[in-house]
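Here's a quick briefing to read with the model open in your viewer.

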Amino acid sequence: MDIGISVYPHFIAKDKTLASILADVKIKDYDFVSIFPHALGLIVNGQVMEKKLRNIENTLKGVGIDYIIRMPTSMNLRDHIYHSRHFRVAKAIADVAIKLGAKVIVMQSGKTGRLDLEIEAIQSLADMLKPFDIKIALENTYSVKDTLYVVDNVQRDNVGFALDVAHAFLSAQGDENKLLDDVKLGTEKTIILMIHDNFGKLFPQVEPEDALAYGVGDLHLLPGEGRIPFSKVLKLFGDVPILLKVKNPEKFAKVPTKKGLIELLTGV
């Protein structure tokens, strides 16, 4: 079972370089990382910064860890007003994936706007990436059904589903049975399984600093700190890659080894 960790942009600071973070992940025996090229300075105004690209490539190869690529979370290919700007950045990220030799790009499905624009844009990106054997994994912002609708209508064999279990749990409003039913809808199309924990509550809407006290929202907790039944979810899948998404730097520093994480996932 391949398990990776998402390296969020704010993890990188003066005392923590990308190389040192990658080394820490590798020491804990994880198989790959998810990186955000735009946050590493590789994309400026929709253009690839070739000089910086070589430095990142050398860092990744120097540490010797596999990697997947993540589109910006602001990406919304449904936005009919600024569609060309979103698509320009998306193409630049795809170009980075090609040049770095990554095999998976994860992107969130848009929240609002024109669905037809998103479908057409993903088709174009998929056609661009197919000769390089690169897959697009479309992540559910919340609803599994909505995202699967896009995947199905794109109709490209290198476009699949990135199932974010925590987002699906919020969409199911904490209902375990509904969560499992929703997960079953996307099992066969899932390219990568994304994990973090929460309490399945979207309301009441509160200030970010109050969210944990209320147990509300997309908290990105470690498995076992919320209410998601990960052991039941995992039983629905075969050998699918898993990506841990923990945004808090302190929690990230305390992430267990790969073996420890597997024990967490199978114990809840």
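His196 touches Asp164, Ala166, His167, Asp218, His220, Leu221, Ile228, Phe230 and Lys245, leaving out residues up to four places away in sequence; contact here means heavy atoms within 4.5 Å. Keep in mind that this is a predicted model, where local features need pLDDT of at least 70, side-chain atom pairs count only at pLDDT 80 or more, and totals for chains, interfaces and linings use all residues. Residues are numbered from 1 along each chain as its sequence is written, and side-chain values use heavy atoms, with hydrogens and water left out.

**Around His196**

- You'll find His196 in the loop between strand E9 (190-195) and helix H8 (211-214); helices (H or I, at least four residues) and strands (E, at least two) are DSSP runs, numbered from the N terminus.
- His196 has a relative accessible area of 0%, so it's buried (buried is under 20% relative accessible area, exposed over 50%, partly exposed in between, with a 1.4 Å probe and protein chains only).
- Its side chain makes a polar contact with the side chain of Asp164 at 3.0 Å. A polar contact is a pair of N or O atoms within 3.5 Å; within protein, one must be able to donate a hydrogen and the other to accept it, and residues adjacent in sequence count only if both atoms are side-chain atoms.

- Most residues other than glycine have a negative phi, and most peptide bonds are trans.
- His220, one of the residues His196 touches, has a positive phi of about 55 degrees although it isn't a glycine.
- His220 sits in the loop between H8 and helix H9 (230-234) and counts as buried at 3% relative accessibility.
- Asp133 also isn't a glycine, yet has a positive phi of about 60 degrees.
- Look for Asp133 in the loop between H4 and strand E7 (135-139); at 55% relative accessibility, Asp133 counts as exposed.
- Phe203 and Pro204 are joined by a cis peptide bond, with omega about 0 degrees, and Pro204 is in the loop between E9 and H8.

- Lys258 is in helix H11 (residues 258-266).
- Is Lys258 buried or exposed? Lys258 counts as buried, at 13% relative accessibility.
- The Lys258 side chain reaches the backbone oxygen of Met1 at 2.7 Å, and a 2.8 Å polar contact links the side chains of Lys258 and Asp31.
- Not counting residues up to four places away in sequence, Lys258 touches Met1, Asp2, Ile3, Lys28, Asp29, Tyr30 and Asp31.

- Ile242 belongs to strand E10 (residues 242-244) and is buried, with a relative accessible area of 1%.
- Leaving aside neighbours within four places in sequence, Ile242 is in contact with Met1, Asp2, Ile3, Gly4, Phe32, Leu193, Ile195, Leu234 and Leu265.
- Ile242 and Leu163 are 79 residues apart in sequence and 9.7 Å apart in space, C-alpha to C-alpha.
- Gly46 is in the loop between strand E3 (43-44) and strand E4 (47-48), and is buried with a relative accessible area of 12%.
- Setting aside neighbours within four places in sequence, Gly46 is in contact with Arg88, Val89 and Ala92.
- Gly46 and Ala92 are 46 residues apart in sequence but 6.1 Å apart in space, C-alpha to C-alpha.

**Helix pairs**

- Two packed helices are described by the angle between their axes and the distance between the axes.
- The axes of H3 (residues 83-100) and H4 (residues 115-129) come within 11 Å and cross at roughly 25 degrees. (Axes are lines fitted to C-alpha atoms, for helices over the stretch in contact, and angles run from 0 to 180 degrees between N-to-C directions.)
- That makes H3 roughly parallel to H4 (angles under 35 degrees count as roughly parallel, over 145 as roughly antiparallel, 65 to 115 as roughly perpendicular and the rest as oblique).
- The contact is made by His83, Phe87, Ala90, Lys91, Ala94, Asp95 and Ile98 of H3 and Leu117, Ala121, Ser124, Leu125, Met128 and Leu129 of H4.
- The axes of H1 (residues 18-27) and H2 (residues 50-63) come within 10 Å and cross at roughly 25 degrees, so H1 is roughly parallel to H2.
- Leu18, Ala19, Leu22, Ala23 and Lys26 in H1 meet Ile56, Thr59, Leu60 and Val63 in H2.
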